[in-house]
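Subject: Structure for you to look at

Hello,

Here is the structure I promised to pass on. Please open it alongside this email; my notes follow below.

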Amino acid sequence: VFNGCQGMWAVAAVAADQDGLLGLDERVADTLESWRGVAGKQDITVRQLLTMESGLAANDNKVRDAGTRDRYLAAVEAPMVALPGESFRFGPTAWYVFAAVLEAKLAESGEDALDYLKRRVLDPIGMEVYYWGRDRAEHLEIPTGGFLTAREWSKFGQLVLGQGRLGDRQVIEPAKLAECFRPSRHNPASGMGFGLVSGLDATEEKAVRPGQTAPEAARERQRAAALPQDIVFSSGHGNQRLYVIPSEDLVLVRQGLPGSEFSDADFLRLVLGIDRPPAGGR
(Lines give C-alpha, C1' and ligand atoms only; values in the text may rest on other atoms or scores of the structure.)
Protein backbone atom coordinates (compact mmCIF):
# COMPACT_ATOMS: atom_id res chain seq x y z
CA VAL A 1 0.00 0.00 0.00
CA PHE A 2 3.09 2.24 -0.29
CA ASN A 3 2.62 5.49 1.71
CA GLY A 4 -0.56 4.01 3.18
CA CYS A 5 1.77 2.09 5.52
CA GLN A 6 2.57 5.24 7.46
CA GLY A 7 -0.68 5.15 9.42
CA MET A 8 0.22 1.73 10.79
CA TRP A 9 3.59 2.97 11.97
CA ALA A 10 2.06 6.07 13.55
CA VAL A 11 -0.22 3.77 15.56
CA ALA A 12 2.81 1.66 16.47
CA ALA A 13 4.47 4.86 17.69
CA VAL A 14 1.59 5.81 19.99
CA ALA A 15 1.48 2.21 21.22
CA ALA A 16 5.18 2.50 22.07
CA ASP A 17 4.44 5.75 23.87
CA GLN A 18 1.64 4.02 25.79
CA ASP A 19 4.02 1.17 26.67
CA GLY A 20 6.71 3.55 27.92
CA LEU A 21 9.09 2.37 25.21
CA LEU A 22 9.52 5.88 23.84
CA GLY A 23 8.01 9.32 24.25
CA LEU A 24 6.56 11.27 21.35
CA ASP A 25 8.17 14.45 22.62
CA GLU A 26 11.54 12.99 23.53
CA ARG A 27 14.54 14.06 21.51
CA VAL A 28 15.74 11.60 18.89
CA ALA A 29 19.32 12.41 19.89
CA ASP A 30 18.65 10.79 23.26
CA THR A 31 18.59 7.50 21.34
CA LEU A 32 20.78 8.17 18.30
CA GLU A 33 24.24 9.07 19.58
CA SER A 34 25.39 10.32 16.17
CA TRP A 35 22.93 13.21 16.43
CA ARG A 36 24.15 14.49 19.77
CA GLY A 37 25.70 17.91 19.46
CA VAL A 38 24.72 18.19 15.77
CA ALA A 39 23.09 21.55 15.09
CA GLY A 40 19.42 21.12 14.28
CA LYS A 41 19.38 17.35 14.56
CA GLN A 42 20.03 17.38 18.29
CA ASP A 43 16.67 19.11 18.84
CA ILE A 44 14.38 16.96 16.65
CA THR A 45 11.67 15.09 18.53
CA VAL A 46 9.99 11.79 17.68
CA ARG A 47 6.73 13.68 17.10
CA GLN A 48 8.41 15.96 14.56
CA LEU A 49 9.59 12.91 12.63
CA LEU A 50 6.03 11.57 12.49
CA THR A 51 4.44 14.88 11.52
CA MET A 52 7.17 15.40 8.89
CA GLU A 53 8.21 18.68 10.49
CA SER A 54 11.72 17.58 11.45
CA GLY A 55 13.59 19.83 9.03
CA LEU A 56 15.37 16.85 7.47
CA ALA A 57 15.62 16.59 3.68
CA ALA A 58 12.37 14.65 3.32
CA ASN A 59 13.14 13.24 -0.12
CA ASP A 60 16.88 12.86 0.26
CA ASN A 61 18.26 11.35 -2.94
CA LYS A 62 20.32 8.71 -1.17
CA VAL A 63 17.33 7.57 0.90
CA ARG A 64 15.20 7.14 -2.24
CA ASP A 65 17.93 5.66 -4.44
CA ALA A 66 17.14 2.03 -5.31
CA GLY A 67 20.85 1.28 -5.07
CA THR A 68 21.18 2.38 -1.44
CA ARG A 69 22.09 -0.60 0.72
CA ASP A 70 21.10 0.80 4.13
CA ARG A 71 18.20 3.26 4.05
CA TYR A 72 18.22 3.70 7.83
CA LEU A 73 21.81 4.92 7.76
CA ALA A 74 21.12 7.13 4.73
CA ALA A 75 18.17 8.71 6.53
CA VAL A 76 20.09 9.29 9.76
CA GLU A 77 22.85 10.98 7.74
CA ALA A 78 20.45 13.06 5.61
CA PRO A 79 21.08 16.82 5.76
CA MET A 80 18.91 19.39 7.47
CA VAL A 81 17.14 21.85 5.18
CA ALA A 82 15.21 23.74 7.86
CA LEU A 83 15.08 24.05 11.62
CA PRO A 84 12.99 21.47 13.49
CA GLY A 85 9.33 22.37 13.75
CA GLU A 86 9.46 25.22 11.23
CA SER A 87 8.06 23.57 8.10
CA PHE A 88 6.28 20.52 6.69
CA ARG A 89 8.03 18.34 4.10
CA PHE A 90 6.52 15.13 2.79
CA GLY A 91 8.84 12.20 2.14
CA PRO A 92 10.27 8.96 3.53
CA THR A 93 13.41 10.18 5.30
CA ALA A 94 11.88 10.89 8.71
CA TRP A 95 10.05 7.54 8.73
CA TYR A 96 13.31 5.66 8.28
CA VAL A 97 14.83 7.65 11.14
CA PHE A 98 11.83 6.73 13.29
CA ALA A 99 12.42 3.06 12.40
CA ALA A 100 16.06 3.39 13.49
CA VAL A 101 14.90 4.87 16.81
CA LEU A 102 12.30 2.16 17.36
CA GLU A 103 14.73 -0.64 16.60
CA ALA A 104 17.31 0.88 18.96
CA LYS A 105 14.66 0.93 21.69
CA LEU A 106 13.83 -2.71 20.95
CA ALA A 107 17.42 -3.96 20.74
CA GLU A 108 17.48 -5.61 24.15
CA SER A 109 14.20 -7.44 23.54
CA GLY A 110 15.43 -9.08 20.34
CA GLU A 111 12.46 -7.75 18.37
CA ASP A 112 12.72 -5.65 15.25
CA ALA A 113 10.21 -2.99 14.21
CA LEU A 114 7.98 -5.44 12.33
CA ASP A 115 7.92 -7.84 15.29
CA TYR A 116 6.72 -4.97 17.47
CA LEU A 117 4.11 -3.79 14.97
CA LYS A 118 2.73 -7.33 14.72
CA ARG A 119 2.74 -8.05 18.44
CA ARG A 120 1.37 -4.72 19.52
CA VAL A 121 -1.05 -3.74 16.74
CA LEU A 122 -1.63 -6.27 13.97
CA ASP A 123 -1.91 -9.60 15.82
CA PRO A 124 -4.48 -8.31 18.36
CA ILE A 125 -6.79 -7.34 15.49
CA GLY A 126 -6.14 -10.48 13.42
CA MET A 127 -4.52 -8.54 10.60
CA GLU A 128 -2.02 -10.22 8.26
CA VAL A 129 0.51 -8.49 6.03
CA TYR A 130 1.32 -10.57 2.97
CA TYR A 131 4.85 -9.21 2.60
CA TRP A 132 7.01 -6.36 3.89
CA GLY A 133 9.98 -5.28 1.81
CA ARG A 134 13.47 -4.77 3.21
CA ASP A 135 16.57 -3.02 1.94
CA ARG A 136 19.82 -4.87 1.27
CA ALA A 137 20.86 -4.33 4.89
CA GLU A 138 17.67 -6.23 5.88
CA HIS A 139 16.04 -3.11 7.31
CA LEU A 140 12.30 -2.73 6.85
CA GLU A 141 11.03 -0.41 4.16
CA ILE A 142 8.65 0.96 6.77
CA PRO A 143 7.10 3.95 5.00
CA THR A 144 6.17 2.16 1.78
CA GLY A 145 6.98 -1.55 1.88
CA GLY A 146 3.80 -3.30 3.04
CA PHE A 147 1.68 -5.53 0.79
CA LEU A 148 -1.77 -6.52 2.01
CA THR A 149 -5.28 -7.14 0.78
CA ALA A 150 -8.18 -4.72 1.03
CA ARG A 151 -9.84 -7.01 3.58
CA GLU A 152 -6.78 -6.95 5.85
CA TRP A 153 -6.33 -3.17 5.54
CA SER A 154 -9.96 -2.72 6.53
CA LYS A 155 -9.22 -4.46 9.85
CA PHE A 156 -6.79 -1.66 10.66
CA GLY A 157 -9.50 0.83 9.71
CA GLN A 158 -11.88 -0.85 12.15
CA LEU A 159 -9.31 -0.37 14.92
CA VAL A 160 -9.19 3.34 14.13
CA LEU A 161 -12.98 3.53 13.90
CA GLY A 162 -13.27 1.90 17.32
CA GLN A 163 -10.89 4.46 18.88
CA GLY A 164 -8.28 1.80 19.51
CA ARG A 165 -10.76 -0.89 20.46
CA LEU A 166 -11.70 -3.97 18.46
CA GLY A 167 -14.34 -6.26 19.89
CA ASP A 168 -13.76 -6.60 23.62
CA ARG A 169 -10.08 -5.65 23.43
CA GLN A 170 -8.72 -2.14 23.94
CA VAL A 171 -5.54 -2.33 21.87
CA ILE A 172 -4.59 1.37 22.05
CA GLU A 173 -5.83 3.92 24.57
CA PRO A 174 -8.20 6.37 22.84
CA ALA A 175 -6.25 9.41 24.01
CA LYS A 176 -3.04 7.95 22.60
CA LEU A 177 -4.63 7.10 19.25
CA ALA A 178 -6.09 10.61 19.04
CA GLU A 179 -2.52 11.95 18.83
CA CYS A 180 -2.42 10.63 15.25
CA PHE A 181 -5.26 12.94 14.20
CA ARG A 182 -4.06 16.23 15.67
CA PRO A 183 -3.38 18.59 12.74
CA SER A 184 0.30 19.27 12.34
CA ARG A 185 1.37 22.84 12.94
CA HIS A 186 2.46 23.59 9.38
CA ASN A 187 0.05 21.40 7.45
CA PRO A 188 -3.42 21.19 9.04
CA ALA A 189 -4.41 18.68 6.34
CA SER A 190 -2.09 16.12 7.92
CA GLY A 191 -1.79 14.40 11.29
CA MET A 192 0.77 11.75 12.22
CA GLY A 193 0.72 9.21 9.42
CA PHE A 194 -2.86 10.07 8.43
CA GLY A 195 -4.50 12.61 6.16
CA LEU A 196 -7.33 14.75 7.52
CA VAL A 197 -10.43 15.87 5.65
CA SER A 198 -8.90 19.05 4.23
CA GLY A 199 -6.16 16.91 2.69
CA LEU A 200 -8.50 14.94 0.45
CA ASP A 201 -7.23 15.13 -3.15
CA ALA A 202 -3.97 16.62 -1.87
CA THR A 203 -1.92 13.56 -2.74
CA GLU A 204 1.76 13.25 -3.52
CA GLU A 205 0.88 12.20 -7.06
CA LYS A 206 -1.10 15.39 -7.67
CA ALA A 207 1.57 17.49 -5.96
CA VAL A 208 -0.95 19.55 -4.02
CA ARG A 209 0.99 20.51 -0.91
CA PRO A 210 1.70 23.61 1.13
CA GLY A 211 2.64 26.28 -1.39
CA GLN A 212 -0.30 25.55 -3.69
CA THR A 213 -2.05 28.47 -5.38
CA ALA A 214 -5.00 30.22 -3.74
CA PRO A 215 -7.49 28.99 -6.40
CA GLU A 216 -6.32 25.40 -5.84
CA ALA A 217 -6.76 25.72 -2.09
CA ALA A 218 -10.21 27.30 -2.53
CA ARG A 219 -11.35 24.46 -4.80
CA GLU A 220 -10.17 21.86 -2.30
CA ARG A 221 -12.01 23.56 0.57
CA GLN A 222 -15.20 23.71 -1.49
CA ARG A 223 -14.96 20.07 -2.50
CA ALA A 224 -14.36 18.88 1.06
CA ALA A 225 -16.95 21.14 2.70
CA ALA A 226 -19.91 18.86 1.93
CA LEU A 227 -18.17 15.77 3.33
CA PRO A 228 -18.17 14.60 6.97
CA GLN A 229 -15.49 16.62 8.71
CA ASP A 230 -14.27 13.72 10.84
CA ILE A 231 -12.80 11.78 7.89
CA VAL A 232 -9.27 10.46 8.40
CA PHE A 233 -7.46 8.47 5.75
CA SER A 234 -4.31 6.72 4.62
CA SER A 235 -3.14 7.45 1.09
CA GLY A 236 -1.01 5.08 -0.97
CA HIS A 237 0.54 5.18 -4.43
CA GLY A 238 -1.86 4.43 -7.26
CA ASN A 239 -4.68 6.22 -5.45
CA GLN A 240 -5.02 3.45 -2.89
CA ARG A 241 -6.98 4.63 0.12
CA LEU A 242 -8.19 3.64 3.54
CA TYR A 243 -10.93 6.00 4.73
CA VAL A 244 -12.36 6.01 8.25
CA ILE A 245 -15.54 8.05 8.80
CA PRO A 246 -16.68 7.80 12.46
CA SER A 247 -19.86 9.85 11.97
CA GLU A 248 -20.99 7.31 9.35
CA ASP A 249 -19.64 4.29 11.29
CA LEU A 250 -17.84 3.46 8.07
CA VAL A 251 -14.51 2.09 6.87
CA LEU A 252 -13.76 2.14 3.13
CA VAL A 253 -10.81 0.68 1.25
CA ARG A 254 -10.12 1.62 -2.35
CA GLN A 255 -7.44 -0.05 -4.47
CA GLY A 256 -6.25 1.57 -7.68
CA LEU A 257 -3.56 1.73 -10.32
CA PRO A 258 -0.81 4.32 -10.84
CA GLY A 259 -1.75 7.03 -13.29
CA SER A 260 -5.50 6.51 -13.09
CA GLU A 261 -7.69 9.60 -12.75
CA PHE A 262 -9.28 9.74 -9.34
CA SER A 263 -10.88 12.23 -6.97
CA ASP A 264 -11.29 11.48 -3.28
CA ALA A 265 -14.08 14.01 -2.94
CA ASP A 266 -16.06 12.72 -5.93
CA PHE A 267 -15.66 9.12 -4.81
CA LEU A 268 -16.81 9.85 -1.27
CA ARG A 269 -19.74 11.96 -2.42
CA LEU A 270 -20.93 9.03 -4.55
CA VAL A 271 -20.53 6.51 -1.74
CA LEU A 272 -22.24 8.75 0.80
CA GLY A 273 -24.98 9.97 -1.55
CA ILE A 274 -23.91 13.60 -1.39
CA ASP A 275 -24.67 15.84 -4.37
CA ARG A 276 -21.81 17.20 -6.43
CA PRO A 277 -20.79 20.80 -5.68
CA PRO A 278 -22.28 23.67 -7.69
CA ALA A 279 -20.72 24.85 -10.95
CA GLY A 280 -17.23 26.18 -10.33
CA GLY A 281 -16.28 23.24 -8.08
CA ARG A 282 -14.76 20.30 -9.86
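Start with the strands. E7 covers residues 240–245 and E8 covers residues 250–254. The two pair in the antiparallel sense, over 5 bridges. Together E7 and E8 make a hairpin, with 4 residues between them. Look at Asp249 in the turn: its phi is positive, about 50°.

Keep in mind that this is a predicted model.

Next, a helix pair. H1 runs over residues 6–19 and H5 over residues 93–106. Their axes come within 12 Å and cross at roughly 35°. The crossing of H1 and H5 is left-handed. Which residues meet there? From H1 come Gln6, Trp9, Ala10 and Ala13. From H5 come Trp95, Phe98 and Leu102. By class, this contact has 6 nonpolar residues, 1 polar residue and no charged ones.

Last, one arginine. Arg47 sits in helix H2, residues 46–50. Is Arg47 buried or exposed? Its relative accessibility is 18%, so Arg47 counts as buried; the cut-off is under 20%. What is Arg47 in contact with, leaving aside neighbours within four places in sequence? The list is Leu24, Asp25, Glu179, Arg182 and Met192.

That is what I have for now. Over to you.

Best wishes

Note on methods: Residues are numbered from 1 along each chain as its sequence is written. This is a predicted model: local features need pLDDT of at least 70, side-chain atom pairs count only at pLDDT 80 or more; totals for chains, interfaces and linings use all residues. Side-chain values use heavy atoms; hydrogens and water are left out. Axes are lines fitted to C-alpha atoms, for helices over the stretch in contact, and angles run from 0 to 180 degrees between N-to-C directions. A crossing is left-handed if the near helix is turned anticlockwise from the far one by less than a right angle, and right-handed if clockwise. Contact means heavy atoms within 4.5 Å. Ala, Val, Leu, Ile, Met, Phe, Trp, Tyr, Cys and Pro count as nonpolar, Asp, Glu, Lys and Arg as charged, and the others, Gly among them, as polar. Two strands pair if DSSP finds at least two bridges between them. Buried means under 20% relative accessible area, exposed over 50%, partly exposed in between (1.4 Å probe, protein chains only).
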